Amino acid sequence: MLSKQFIKRTFGTAIPVQPRLTQLLIDGKFVNSVSGKTFDTFNPSTEEKIISVQEADKHDVDKAVNAARKAFDEGPWRRMAASERGKIMYRFADLVEKHTDELANLEALDNGKPAAIAKIADIPLVVNTLRYYAGWTDKIHGKTIPVNGPYFAYTKEEPVGVCGQIIPWNFPAAMLAWKLGPALATGCTTVVKTAEQTPLSALRIGELAMEAGFPNGVINILSGYGPTAGQALAQHHLVDKVAFTGSTEVGYEIMKTAHKHNLKRITLELGGKSANIVMDDADIDFAIAQSQFALFFNQGQCCIAGSRLFVHEKIYDTFVNRAAELAKKTVIGNQFDPNTQQGPQVNQEQLTKILGFIESGKKEGAKLLTGGKRHGNKGFFVEPTIFADVQDNMTIAKEEIFGPVLSILKFKTVDEVIQRANNSAYGLGAGLVTNNMDNAIKISNGLRAGTVYVNCYDVFDAAAPFGGFKDSGLGRELGEAGLRNYLESKTVIIKRPDDSLP
Ligand code: NAI
Ligand code: MG
């Protein structure tokens with residue numbers, strides 16, 4: 001949990017912004033939806049409407065995909081020097097950075113996360129990601145291959161084509177950048193469908209992209225719902241690749257339906273039930289603070305949240321006795337109050353779902369240490385909640401809650417905890433708090449998870465690949481690994497004179 005002093009020092013007073021952009025970004029212009037339909041977006045702290053935005057459905061998806069197709073097949077984007085693409089991307093990153101305060105406020109307004117945190121975490125990650133991938137544009141290349149016979153053979157790494165990118169509401173701006181970065185660096189064009197809960201920051205970032213100089217049709221941004229716009233995008237016959245972040249349920253659905261008309265490339269970044277392990281050699285205060293940050297960050301709405309906390313039996317009682325103290329001090333409140341450490345959940349649906357999980361924890365016999373209720377009666381706030389004596393087979397130990405609910409489980413040996421940590425359909429992340437190097441190596445090597453944090457958590461960097469084992473996803477985002485999903489490798493074989501050197 002970030003300290004109150006830190007938040008105050010970093011942010012001072014925040015002035016909420018009034019959003020201005022509500023249309024769909026298609027082919028370089030902001031336009032109304034074909035149907036003329038709109039939907040409302042709400043402030044999760046007050047439950048009040050912020051603004052109505054244009055609602056895309058399959059007709060708008062069709063327009064946007066056609067624009068992206070044309071921009072890919074005929075436009076200047078793929079034809080310009082790779083370093084020129086890089087220049088536009090650097091300019092884009094600079095513009096986002098310059099508007100950090102405004103974007104952080106917009107993000108906070110729409111999602112409910114504390115504006116102070118959006119300013120120091122979310123928007124800098126957007127800038128970091130765009131800049132990182134701007135640097136890759138002119139460093140993507142193939143190999144020469146010494147084949148048998150009188151041939152000169154080489155590979156080229158070419159953009160996969162038109163991308164359909166579907167993003168969630170928990171980190172709206174950062175997820176947009178994670179998707180745009182590798183697609184743009186490789187020379188692809190894209191249609192992004194934002195989450196219906198949080199359309200606002202992406203529209204402003206889209207406007208900044210136009211200012212940076214991306215050719216028309218390269219970046220298209222649609223606000224709309226999953227079963228309509230999302231599904232139409234995932235199934236569209238002119239889309240070459242789909243990238244999705246969201247629930248495992250919808251991930252499965254996309255796997256089943258995206259191949260209706262063509263064999264799209266698919267990457268998925270889905271849910272998790274990440275194990276966080278505290279060894280008996282750990283400093284208890286550090287471990288308590290670390291493990292609560294791992295879960296409560298972003299109101300618990302992180303795919304990688306350390307939601308199964310395994311504590312060694314030797315320190316278990318002390319740990320559990322003290323765990324509630326810190327959580328109880330959390331300042332819950334409006335996202336624009338600089339004292340706020342925890343804002344509201346994103347909407348009523350999430351609030352209801354989380355409260356349902358809390359009830360199941362109580363019913364199935366877990367010990368409620370703190371929290372357990374809605375906070376107040378306006379806004380979607382949930383008390384930071386901790387359960388102890390959680391058993392592996394309880395619902396709260398198996399299912400993704402996506403809220404501020406921490407489950408503590410007791411363990412005895414290293415082998416046992418590796419086995420129990422891995423006993424999950426998910427494999428997105430894991431954490432470990434220890435001062436013993438042997439434990440650090442043995443446990444991190446034994447865990448089946450895409451990211452393992454040792455003595456830290458939620459460290460995100462554009463250079464470090466991110467993604468899941470098992471039902472947590474397919475493929476990786478970020479880093480060099482993130483580029484691979486946006487490239488097609490082409491082998492060129494040229495007959496050479498029989499008497500030439502190989
Ligand atoms: P969701 O998976 O329904 O939504 C994520 C995105 O997919 C949104 O843009 C949505 O409009 C779109 N979508 C929904 N149905 C679709 C379909 N049939 N075809 C194409 N796109 C579709 O997630 P939701 O309903 O917002 O949250 C439900 C749960 O999912 C959460 O409680 C949480 O457990 C998990 N989740 C995980 C996230 C992650 O980062 N891995 C992010 C958001 C939610
Ligand atoms: Mg859904």
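Modeller: Before we look, a pocket here is an open set of grid points where a 1.4 Å probe fits, with protein on both sides within 12 Å along at least five of seven lines. With that in mind, and remembering that this is a predicted model, we can say that the space taken by ligand 1 is the largest pocket. The secondary-structure elements that each contribute two or more residues to the shell around ligand 1 are the helices α8 (226-235), α9 (248-257) and α12 (348-363), together with the strand β10 (241-245). Of these, α8 gives the most, with three residues.

The shell can also be read at the level of domains: because domain 1 (22-32 + 53-270 + 472-489) and domain 2 (275-454) both give residues to it, ligand 1 lies between them. There are 28 residues around ligand 1, and those that come nearest are Ile167, Trp169, Glu196, Ser247 and Lys353. Sorted by class, the shell has twelve nonpolar, eleven polar and five charged residues.

Turning to individual polar contacts, a polar side-chain atom of Glu400 lies 2.8 Å from an oxygen atom of ligand 1, while a backbone N or O atom of Gly226 is found 3.1 Å from an oxygen atom of the ligand. A polar backbone atom of Gly246, in turn, is 3.3 Å from a nitrogen atom of ligand 1. As for how much of the ligand is covered, ligand 1 taken alone exposes 800 Å², and the protein buries 91% of that area.

Definitions and conventions:
Residues are numbered from 1 along each chain as its sequence is written. Chains are lettered from A and ligands numbered from 1 in the order in which they are written. This is a predicted model: local features need pLDDT of at least 70, side-chain atom pairs count only at pLDDT 80 or more; totals for chains, interfaces and linings use all residues. Side-chain values use heavy atoms; hydrogens and water are left out. A residue is near a molecule or strand if one of its heavy atoms lies within 4 Å of it. A polar contact is a pair of N or O atoms within 3.5 Å; within protein, one must be able to donate a hydrogen and the other to accept it, and residues adjacent in sequence count only if both atoms are side-chain atoms. Accessible areas come from the Shrake-Rupley method with a 1.4 Å probe; for residues, only the protein chains shown count as cover. On a 1 Å grid over the protein atoms alone, a cavity is a set of points where a 1.4 Å probe fits but cannot get out, and a pocket is an open set with protein on both sides within 12 Å along at least five of seven lines; lining residues have an atom within 4 Å of a point. A molecule sits in a cavity or pocket if more than half of its atoms lie within 2 Å of its grid points. Helices (H or I, at least four residues) and strands (E, at least two) are DSSP runs, numbered from the N terminus. Ala, Val, Leu, Ile, Met, Phe, Trp, Tyr, Cys and Pro count as nonpolar, Asp, Glu, Lys and Arg as charged, and the others, Gly among them, as polar. Domain bounds come from an automatic or database domain assignment.
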